[in-house]
Amino acid sequence: MASVPQSLSSYSTYATTSKSRLQSLYSDVTRQKHSNPTSYYAHVDWWQRALEELVSQGWQAENPSDEELHSRSNKFVLNARRSLVDRLRFDGVGKPLGVAHTIAELRHSNAVISLPAFLSSTVSVYDPGWLPYRIASFLVGKPLWWAMEQLDLVKSEDSYSEAEMWKRVQGDYVMLKLVERAADVVDSFRGGMSLADSLYTVESFRKEFGSKVLPGVTISEMDTEVLLKYLERDRRILVRDEDVIKFITADREKEVTVIDRGILELKTAVGNLQGQVNTIQGKIDEMTTRISTALSRQQKPIALAHLRHKKGLEEILTKRLSALQNLESTLMNVETAAGNIEIMQAYEKSAVTLQTILNHPSLQRTKIDETMDALAAANATAREVDDAIRIGGDMAAAEAGIDDVDLEDELRELVMEVERESGKAEEHAALEKLQDINVPEQIPARPEATQPVLQQVAES
């Protein structure tokens, strides 16, 4: 029996919004786009966050609690139909109004992109478009459209009713922020990939990353196609050739080669054989359990039959393990050889780069000799200039009558004068200390008693 689907109030966007605020958000604020743009765009922003959370958590499944239905539901693609309004009914608030106009606004801001256009376009979703075309559209298209609106030849989107707007916006839309978030997760696993690790089929890619890109959910097949398209066209971190997917780096070819296909086939074969080994091992474990159960019930014939089946499975397992070991060894050798090719290609590029540098005219033998000779001549000239300046200084000192002996005598006198002044200062300090000493008048002065005092003064 299927469990009750998760209610809207269990999602954080709803849980953190008061009921009075929900009543406002569930009302139609289309007319406020020009009169109160702040409130209008806050309204649109809340609905964008709410729809992103609901879609990413598999809420669109007929029964989100059913694991199979949940895994098949889209986590990046919003199914915008009139039935969406009924599913968004909230107890005590009712159905939301103006959802179609909100989706139209999200489409204009590129927050949601039509699924067919997203998958078929060769231009990045971040490409601003051809500049002359945008200028012409603004200068010609906008005024022309405004004039047609004034003549009632066309209607602005604000003037459409909700029913009319649903006819214009219904369809499937890629929610760009969810795809960006998933792409960031995939990109984080890209570092340090070996050549075999960087190759996938569409199915193996989904098995590897399907449950990792969004917390707690598994993306659908359509989500996988959307994510692969974004990673290839907009992030440019992989290339795809039909069913072969290859993550690219700076040192790898930007296309799928015959070697890549061969390695992927080996990798797929190893994965399939590993799956068979796991299945056979599971059956052996099951037979072991059945044998134990039969023996505990004294059913020896049944236990013997299970034992024969187990022996047959063990023989098959031995053969499969041997084949798996051979395939893994072959894959390792092929990958090593492919890695050697990449290394040699890097060596070749390095050799070409080095040779290009060495062929520069500045590094030719004759040019080097000329440069070194010029450098030696410049150094010699510098030494001559330095010697001339030093000799000129000596001559100037001699002409001024300056004698080194006189300078030394004057310096010696200055040192002696400083020492004399220092001695006078010490003597003055000692006298001041003697004056500070209080000598009792009634105690006769004895030589042996005054000796320590004199010694203390002398030491001070």
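The model is predicted: local features require pLDDT of at least 70, side-chain atom pairs count only at pLDDT 80 or more, and totals for chains, interfaces and linings use all residues. Residues are numbered from 1 along each chain as its sequence is written, and side-chain values use heavy atoms, with hydrogens and water left out.

**Overall composition**

- The chain contains 18 helices and 6 strands, taken as DSSP runs numbered from the N terminus (helices: H or I, at least four residues; strands: E, at least two).
- Of the 460 residues in the chain, 29% are buried; buried denotes under 20% relative accessible area, exposed over 50%, and partly exposed the range in between (1.4 Å probe, protein chains only).
- The chain exposes about 29,900 Å², of which carbon and sulfur atoms supply 56%, by the Shrake-Rupley method with a 1.4 Å probe.
- Among contacts (heavy atoms within 4.5 Å) between residues at least 6 apart in sequence, 69% join residues at least 24 apart.

**Helix 4 and helix 7**

- The axes of helix 4 (residues 37-56) and helix 7 (residues 99-108) come within 10 Å and cross at roughly 90 degrees; axes are lines fitted to C-alpha atoms over the stretch in contact, with angles from 0 to 180 degrees between N-to-C directions.
- The two helices are therefore roughly perpendicular, a class that covers 65 to 115 degrees.
- Tyr 40, Tyr 41, His 43, Val 44, Trp 47, Gln 48 and Leu 51 of helix 4 meet His 101, Thr 102, Glu 105 and Leu 106 of helix 7.
- The residues of this contact comprise 6 nonpolar, 4 polar and 1 charged; Ala, Val, Leu, Ile, Met, Phe, Trp, Tyr, Cys and Pro count as nonpolar, Asp, Glu, Lys and Arg as charged, and the others, Gly among them, as polar.

**Helix 13**

- Helix 13 (residues 221-235) has 15 residues and spans 20 Å from its first C-alpha to its last, close to the expected 21 Å, which is 1.5 Å times one less than the number of residues.
- Its buried residues include Val 226, Leu 227, Tyr 230 and Leu 231, together with Asp 223, Arg 233 and Asp 234.

**Positive phi values**

- Most residues other than glycine have a negative phi.
- Glu 242 has a positive phi near 60 degrees and lies in the loop between strand 5 (238-241) and strand 6 (244-247); Glu 242 is exposed, at 64% relative accessible area.
- Gln 298 has a positive phi near 65 degrees in the loop between helix 14 (258-296) and helix 15 (300-358); Gln 298 counts as exposed at 62% relative accessibility.

Note on methods:
Parallel < 35°, antiparallel > 145°, perpendicular 65-115°, else oblique.
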